[in-house]
Amino acid sequence: YRFTSTGNIAMQTVGGNGYTTVPSENGEGAGRLFYCATHAWSTGALAVFAYEDAQVQVYDMDLGDLLYDQTVTAGSYWWQNGVGTRRLKIVSSADIGVWAGDTEGGTGIQNFGDDISFAGGRNNGREFYAHGLQDGLVIFAPYDGTVIDVNGAIQNLDRDEYMPLAGGALY
């Protein structure tokens with residue numbers, strides 16, 4: 001799913017052992033350079049969400065090795081488990097968002113973490129690509145008259161209102 005907004009929004013994902021949404025080097029949720037770590041409590045994993053068609057390289061910062069070189073098309077994501085415990089540098093040819101951490105209870109993206117994480121998105125918090133993981137995510141509106149578009153479904157939210165989205169889907 002892709003969602004956009006007429007004002008800044010925040011998003012919370014909930015899933016069922018630890019992960020985080022990774023800020024890019026520019027401080028935004030989307031960018032072209034990321035530094036992060038994974039921990040193999042289970043497998044160690046990462047997800048890359050493409051805002052544009054992107055060529056993504058993932059480097060092991062301790063060894064300097066190129067671990068992955070992946071093409072990700074706009075509006076889709078790339079899921080990689082089995083990453084292990086590593087410090088990573090992620091470089092992209094276009095804007096992407098990155099989540100990094102570990103899984104619990106399985107090896108799919110729906111098993112990513114059991115944490116609450118903030119995703120900054122793109123365009124000053126007005127555009128996001130995200131996965132609902134196992135238990136879903138929630139979009140919060142801090143301002144009156146906020147128009148949310150989730151894959152073409154429009155919903156108007158006022159201040160202090162929210163919109164829950166089901167788990168198991170790409171938004």
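Is T103 buried or exposed in the predicted model? T103 counts as buried because its relative accessibility is 0%, where buried denotes under 20% relative accessible area, exposed over 50% and partly exposed the range in between, for a 1.4 Å probe and protein chains only. The structure is a predicted model, in which local features need pLDDT of at least 70 and side-chain atom pairs count only at pLDDT 80 or more, whereas totals for chains, interfaces and linings use all residues. Residues are numbered from 1 along each chain as its sequence is written, and side-chain values use heavy atoms, with hydrogens and water left out.

T103 is placed in the loop between β9 (86–101) and β10 (116–118); helices (H or I, at least four residues) and strands (E, at least two) are DSSP runs, numbered from the N terminus. The side chain of T103 takes part in a polar contact of 3.3 Å with the side chain of S42 and in another, of 3.4 Å, with the side chain of T43. A polar contact is a pair of N or O atoms within 3.5 Å; within protein, one atom must be able to donate a hydrogen and the other to accept it, and residues adjacent in sequence count only if both atoms are side-chain atoms. The side chains of N26 and S24 are joined at 2.3 Å, and the side chain of N26 reaches the backbone nitrogen of E28 at 2.7 Å. N26 counts as partly exposed, its relative accessibility being 43%.

Salt bridges were assigned where a side-chain nitrogen of Lys or Arg lies within 4 Å of a carboxyl oxygen of Asp or Glu. The count by this rule is 8 salt bridges. One of them pairs D60 with R86, with the closest N and O atoms 2.5 Å apart. D60 belongs to strand β6 (residues 54–60) and R86 to strand β9, so the pair ties together parts that are 26 residues apart in sequence. D60 is buried, at 4% relative accessibility, whereas R86 is partly exposed, with a relative accessible area of 23%.

A further salt bridge joins the side chains of D95 and R122 at 3.2 Å, N to O. This pair links distant parts of the chain, as D95 lies in strand β9 and R122 in the loop between β10 and β11 (127–129), 27 residues apart. Both D95 and R122 are buried, the relative accessibility of R122 being 16%. R122 also forms a salt bridge with E127, for which the closest N and O atoms are 3.2 Å apart. E127 is buried, at 4% relative accessibility. These contacts fall within a network of salt bridges that links R2, R32, E52, D95, R122 and E127.

The loop between β10 and β11 also contains A119 and N123. N123 counts as partly exposed at 45% relative accessibility. The phi angle of N123 is positive, about 55 degrees, although the residue is not a glycine. Most residues other than glycine have a negative phi. A positive phi, near 70 degrees, is likewise found for D160, a residue other than glycine.

D160 lies in the loop between β14 and β15 and is exposed, with a relative accessibility of 66%. D158 is placed in the loop between β14 (153–157) and β15 (161–165) and is partly exposed, at 37% relative accessibility. D144, D158, D160 and E161 gather in a surface patch of negative charge. Patches are made of residues with over 30% relative accessible area and no salt bridge, like charges being joined within 9 Å and nonpolar side chains (Val, Leu, Ile, Met, Phe, Trp, Tyr) within 5 Å. Lys and Arg count as positive and Asp and Glu as negative, while His and the chain ends are not counted; the place of a charge is taken as NZ of Lys, CZ of Arg, CG of Asp or CD of Glu. Accessible areas come from the Shrake-Rupley method with a 1.4 Å probe, and for residues only the protein chains shown count as cover.

Finally, G136 is found in the loop between β11 and β12 (137–141) and is buried, with a relative accessible area of 3%. The C-alpha atoms of G136 and V22 are separated by 19 Å, the residues being 114 apart along the chain.
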